[in-house]
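The following exercises concern a single structure.

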Amino acid sequence: MTRSIRPRARAKRRLLSSVLAAALLLPGAGMAQSLELNELEYFHTRGLDVLAFSNYYDGLFSDAKHAGVELIHHGARTATNGDVRLSPTPEQWDPVAQMVDRKVDRRTGTVTTRLAYPDHGFEYDIRVSPAEQGVRIQVVLDRPLPRALEGQAGFNLEFLPSAYWGRSWVSDTGSGQLPLYPAGPTARGDDGKPVRLPMATGRSLTLAPEDPQRRITIRSTSGELGIYDGRNQAQNGWYVVRGLLPAKRSGVVLEWTLEASTVPGWTRPTVIGHSQVGYHPAQRKVAVLEADRYADAPGRVRLLRIGEDGSEREVHAADAAHWGRYLRYEYYTFDFSHVREPGIYVLEGAGQRSNAFRIATDAYANAWQPTLDVFFPVQMDHMFVNEAYRVWHGRSHMDDARQVPPNKEHFDLFGQGPDLDSPFQPGEHIPGLNYGGWFDAGDFDIRTQTHYATVMGLVDVWEEFRPLRDETSIDQEKQHVEIHVPDGVPDLLQQIEHGTLALIAQHRVFGHAIPGIVEPDLGQYTHLGDAASKTDGKVDDPNDPDSPNDDRLAFTTNTTALNYGSAAALAAASRALRGYNDALAEECLATAIRVWDFEHSREPNLFRVGNTTGGDPQDEELRAAVQLLATTGDARYAERIRELWPVIDERFGFNGPLVVQVLDRMGEGFRAQVRERAERFRAERAKMAEENPYGVLITRGGWAGNGAVIGMANGNYRLHKAFPDLFDIEPTLQGLNYLYGTHPDSNISFVSAVGAKSKQVAYGSNRADFSFIAGGIVPGVLVLKPDFPENKEDWPFFWGQNEYVINLGASYIYLVHAAQALLEGR
């Protein structure tokens with residue numbers, strides 16, 4: 001890479017201009033045709049879309065990399081976060097503007113967005129309009145910048161590193177290559193802190209001149225451009241093109257023209273969505289073809305059986321049936337359900353050939369094992385986890401935990417109420433919290449709400465399917481785990497125990513459930529290495545000035561929702577642990593009953609912060625009542641379930657599958673009531689599933705929807721068991737096929753290391769390594785407004801698409817067993 005200084009020699013200017021002109025005239029690499037503002041309010045031409053604040057910053061975090069001005073270039077989102085920022089390389093929690101208003105002028109084809117930094121008394125407009133073969137971007141000020149923002153506020157547009165690394169850049173002052181690994185430049189500021197410097201500056205900048213599918217040219221009429229490497233600041237940073245806003249000026253203070261090359265006649269390759277794992281002979285088998293809006297119909301699709309000698313035999317062929325438009329693509333289906341012969345198959349159509357997949361009675365038999373064998377052990381906190389020659393992490397967080405002060409607000413959705421609900425003083429070490437539990441997700445906190453959901457999910461698997469698989473050695477006394485080393489105990493029981501230990505520890509120490517345990521500062525929270533190196537493993541000594549003060553914080557508010565959720569999991573765990581760890585089983589049940597009695601003796605504590613203080617309190621109470629009824633048979637819990645009927649009725653999709661598990665204890669009148677509501681739910685669900693060709697509910701929030709897909713598939717299984725005449729098995733199987741590749745955007749399996757082509761770049765404790773944890777399940781396809789489905793396989797740092805979460809592992813294991821059980825004997 002070359003960092004350029006503006007040359008003085010005119011000859012060098014002419015030479016660089018010639019290089020740039022030659023790059024722009026590469027054969028078959030014409031610039032974009034004129035963009036038009038379409039009915040969905042973004043700028044479009046074939047091969048290029050420019051979104052202008054169709055998306056705004058994710059509500060959970062200040063910078064989720066889908067906001068502001070964005071580019072979708074030849075089917076891939078390559079640029080985002082076009083907005084005024086206060087740093088050249090912003091981090092995740094750096095300030096972002098608030099959207100005030102967005103107006104669309106169809107007559108002029110202009111989108112004008114009003115934004116503000118209220119803390120600085122600063123408002124501005126960003127105008128985006130068609131210009132020549134691209135768009136014009138303007139920053140407009142009513143009055144000059146506040147003095148405090150002079151030299152800080154600038155317009156940034158961020159480019160995805162994995163779309164550009166190794167490619168060239170050319171400016172009117174020099175040329176170079178975009179680095180694969182962050183390589184500076186950085187200076188030392190007067191305050192000793194690093195100052196990020198541009199790799200290049202100039203009035204014009206072209207990225208990837210050699211690549212017609214990625215070439216972008218930005219020209220500034222208002223000041224100098226700079227390109228920075230945001231990964232110097234944080235590994236999830238992007239390349240940033242930035243123009244500083246001038247001081248003491250109003251009106252149009254910044255103006256860029258952005259042009260992107262498009263390949264004439266470009267069409268996105270059709271995706272053949274199918275299960276990368278395969279199919280059971282008896283199940284429905286439908287491939288879904290996702291085609292570009294400009295593509296011809298796929299026409300003939302062929303199913304080929306592969307012989308052991310590599311020979312191919314066509315066993316079925318038909319024209320793909322047009323399903324219709326969903327989001328921005330056209331969809332077609334190819335049904336080969338009648339093919340039942342076991343073997344290896346591939347699909348061919350629309351110029352594409354699928355990966356090989358099986359049709360076999362044991363297609364799903366082993367698909368859950370990497371999740372239990374690898375993902376769950378890797379997520380185990382307070383343990384040393386080893387796999388053959390690899391240490392996944394050392395014995396982590398042995399110095400847990402410190403008492404948080406009252407009214408503490410944490411950056412990651414934790415919060416402490418006005419009362420501590422704890423016998424410990426702020427900052428004081430709390431003994432007895434340094435065992436059990438799992439890393440919640442790609443980060444390392446202990447989140448109670450996730451934990452009790454995971455424990456209940458694992459108990460469901462144990463009670464219904466009882467897998468005795470033993471591939472892992474787990475020693476709680478030595479706090480040591482060896483993957484692929486059996487110890488004579490079913491791994492599922494040991495994982496139930498590990499999660500239960502974290503829950504029961506809270507009740508032993510505080511007498512109630514707590515929101516959880518989390519890192520004290522951003523430095524630890526963004527830690528990308530071994531979890532054991534986040535802290536020193538030693539309890540902080542407040543009398544030692546050299547003590548690092550690095551112990552995690554325990555948030556301890558005594559909320560009703562968390563108490564009920566925790567009691568539900570403890571009651572469930574008491575059943576599974578009986579005969580394996582009887583003392584713990586007895587303690588769990590006694591604790592659950594005590595918590596139930598306590599909550600029924602007080603006014604509910606409805607304190608809520610983020611997503612860490614439990615679900616809806618009545619939903620959580622219903623769960624506790626169901627689990628306590630299943631464990632004890634006590635009629636008082638059945639009576640409370642009847643009293644909570646309005647909760648069941650209102651959120652039947654969420655609560656109905658729960659209560660059907662105890663119908664045999666509720667009487668015929670209640671069963672009839674549930675059945676009548678289930679009939680109406682069947683129609684409601686069918687309407688939701690009809691929106692897309694995949695037959696599942698695809699959510700539209702800032703976190704992708706695999707959790708909802710799995711939840712509905714598992715719910716259908718339970719409802720099918722209760723009312724087989726009302727509920728077919730297909731919604732359960734469709735949910736699994738969706739995870740395995742029959743979904744929008746790609747045909748990759750969202751379960752790492754499961755299926756012929758699976759998720760290999762994900763956001764776990766390995767997230768800086770561009771790798772995966774076998775058996776982890778990612779959130780999946782995120783639908784960016786208004787119509788773009790996305791799951792990046794080349795960039796792990798999209799947590800809403802790629803972050804493993806522990807409770808999905810438990811519900812996924814249940815779903816695989818459910819599917820196999822439904823298909824056995826058919």
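**Exercise 1.** In which loop does Phe-53 lie? Determine also whether this residue is buried or exposed.

*Solution.* The model is a predicted one. Step 1: Phe-53 is found in the loop between strand 3 and strand 4 (69-73). Step 2: its phi is near 55°, a positive value in a residue other than glycine. Step 3: the relative accessible area of Phe-53 is 3%. Burial requires a value under 20%, and Phe-53 is therefore buried.

**Exercise 2.** Locate Ala-350 and classify its accessibility.

*Solution.* Step 1: the loop between strand 28 (343-349) and strand 29 (352-353) contains Ala-350. Step 2: although Ala-350 is not a glycine, its phi is positive, at about 55°. Step 3: a relative accessibility of 31% makes Ala-350 partly exposed.

**Exercise 3.** Which strands stand at the edges of the open sheet of nine strands, and why is one side of each left without a neighbour?

*Solution.* Step 1: the strand order is 1-2-3-4-5-10-19-18-15, with antiparallel pairing. Step 2: the edges are held by strand 1 (36-37) and strand 15 (200-202); each has a single partner strand, so one of its sides has no neighbour in the sheet. Step 3: within this order, strand 2 (residues 43-45) pairs with strand 3 (residues 48-52) over three bridges. Phe-43 has Val-50 in strand 3 as its bridge partner.

**Exercise 4.** Which residue does a cis peptide bond join to Pro-786?

*Solution.* Step 1: the cis bond joins Lys-785 and Pro-786, with omega about 0°. Step 2: Pro-786 is placed in the loop between strand 39 (782-784) and strand 40 (788-790).

Terms used
Residues numbered from 1 in each chain as written. Predicted model: local features only at pLDDT ≥ 70, side-chain atom pairs only at ≥ 80, totals over all residues. Heavy atoms only, no water. Pairing = 2+ DSSP bridges. Helix = DSSP H or I, 4+ residues; strand = E, 2+ residues; numbered from the N terminus. Buried < 20%, exposed > 50% of the residue type's maximum accessible area, 1.4 Å probe, protein only.
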